[in-house]
Amino acid sequence: MARVLDGTGPGIELEIPARPEYIGLARLVVSSLASSRRRLADDRIHDLKLAVSEACTNAIEVHAGLDIDERVRLRWFEGDDRLEVAIEDCGPGFDPSALPAHPPVTDPERLNFERGLGIPLIRTLVDRVDFAPSSAGTSVRMVMYCGPANDPEADLADEAQD
Amino acid sequence: MELGLDVSEHGTATVLAVKGEVDVYTAPRLRERLVELVNQGKRSIVIDLEGVEFLDSTGLGVLVGGLKRLRTNDGELSLVCTQHRILRVFEITGLTKVFAIHDSVDAATAVPK
């Protein structure tokens, strides 16, 4: 199910069935990868995990609403200054600017809106998000900026000095 | 991933203690339980989120729906939450201004109705 990407730099790709019971797996994979890299503080890992959950929820709901059998794809990339996760669906292309605005929270009408909170959450939780809709689907690319990857040899050198 | 939903009575209030992860998979069960409680005539409901390990906007939506359902039935819904990662989701979405959020079940159930 997971494989190392070829030709696009180091990365990991995971395809999950577009069903709600698999969303926990997507979160687990992202938080485990982020933890193992030791490049983000725990609270930032949680923010990324939450953003991934929001993007996967939207992808799963798009597929379910249109009876699309295809899987939802999660791509993980690492750069010198960043961790990146992209969630890709096969829906008709989602335009985040078309989302209706919510009334202010102090307006009683606000309680009529149970949905539409995911995109604002993603925008706040990650350092950068790009929505790339096309007729073949939407890719939601989320970036967390962070320090460089830990150099295992440097870690060993530190331990040798202790 | 199972969602724990334990109901207990504290004076005139009904406490629904939620345990586990609330997301698009588990949120429908939380919604069903809340609707059941309102249909049973419960009008003062406290949702205890201290056992929740993860909550996303699907869970928030269910809580907003529960609050609306109770208010239209002359009831009230309040929350118990002290975990900063869960509170953060309410803060980002502005919902800290919509929900009464307490530090403990005792504090939530002691509030004058």
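Which helix of chain B does B:Asp106 lie in? B:Asp106 belongs to helix α4 of chain B, residues 105-110. The legends below describe close-up views of a predicted model.

**View 1. B:Asp106 in helix α4 of chain B.** B:Asp106 has 10 other C-beta atoms within 10 Å and is therefore exposed, since a residue with 12 or fewer such neighbours is put in that class. Along the chain, B:Asp106 and B:Val80 are 26 residues apart. Their C-alpha atoms are separated by 9.4 Å.

**View 2. Helix α1 of chain B, residues 27-39.** This helix has 13 residues, and its first and last C-alpha atoms are 18 Å apart, close to the 18 Å expected at 1.5 Å a residue. Its buried residues are B:Ala27, B:Leu30, B:Leu34 and B:Leu37. Seen down the axis of α1(B), these residues fall within an arc of 85°, so they line one face of the helix. An α-helix has 3.6 residues a turn, so residues three or four places apart point the same way. The buried residues of α1(B) pack against β1 (4-10), β2 (13-22), β3 (44-55) and α2 (57-71) of chain B. B:Glu32, B:Glu36 and B:Asn39, on the other side of α1(B), are exposed. Just after the helix comes B:Gly41, with a positive phi of about 100°.

**View 3. Packing of helices α2 and α3 in chain A.** Chain A has four helices and six strands, in the order β-β-α-α-β-β-α-β-β-α from the N terminus on. Helix α2(A) spans residues 42-65 and helix α3(A) spans residues 118-125. The two pack at an angle of about 150°, with their axes 9 Å apart. That angle makes α2(A) roughly antiparallel to α3(A), because angles over 145 degrees fall in that class. The crossing of α2(A) past α3(A) is left-handed. On the α2(A) side, the residues that meet α3(A) are A:Asp47, A:Leu50, A:Ala51, A:Glu54, A:Ala55, A:Thr57 and A:Asn58. On the α3(A) side, they are A:Gly118, A:Leu121, A:Ile122 and A:Leu125.

**View 4. The buried residues of helix α3 of chain A.** A:Gly118, A:Leu121, A:Ile122 and A:Leu125 are buried in α3(A). They cover an arc of only 100° around the axis, which puts them on the same side of α3(A). The elements covering the buried residues of α3(A) include α2, β5 (128-134) and β6 (137-145) of chain A. Also included are α2 and α3 (84-92) of chain B.

**View 5. Contacts between chain A and chain B.** In this model, 21 residues of chain B are in contact with 21 residues of chain A. On the side of chain B that touches chain A, the elements giving two or more residues are α2 and α3 of chain B. The largest share of that side, eight residues, comes from α2(B).

View 6. A:Arg38 lies in the loop between α1 (23-37) and α2 of chain A. It counts as exposed because it has 12 C-beta neighbours inside 10 Å. With 7 C-beta neighbours inside 10 Å, B:Asp74 counts as exposed.

Terms used
Residues are numbered from 1 along each chain as its sequence is written. Chains are lettered from A and ligands numbered from 1 in the order in which they are written. This is a predicted model: local features need pLDDT of at least 70, side-chain atom pairs count only at pLDDT 80 or more; totals for chains, interfaces and linings use all residues. The expected span of a helix is 1.5 Å times one less than its number of residues. A residue is buried if 20 or more other C-beta atoms lie within 10 Å of its own, exposed if 12 or fewer, and partly exposed in between; C-beta atoms are placed from the backbone. The arc is that of the directions from the helix axis to the C-beta atoms. Two residues are in contact if their C-beta atoms, placed from the backbone, lie within 7 Å. Axes are lines fitted to C-alpha atoms, for helices over the stretch in contact, and angles run from 0 to 180 degrees between N-to-C directions. Angles under 35 degrees count as roughly parallel, over 145 as roughly antiparallel, 65 to 115 as roughly perpendicular and the rest as oblique. A crossing is left-handed if the near helix is turned anticlockwise from the far one by less than a right angle, and right-handed if clockwise.
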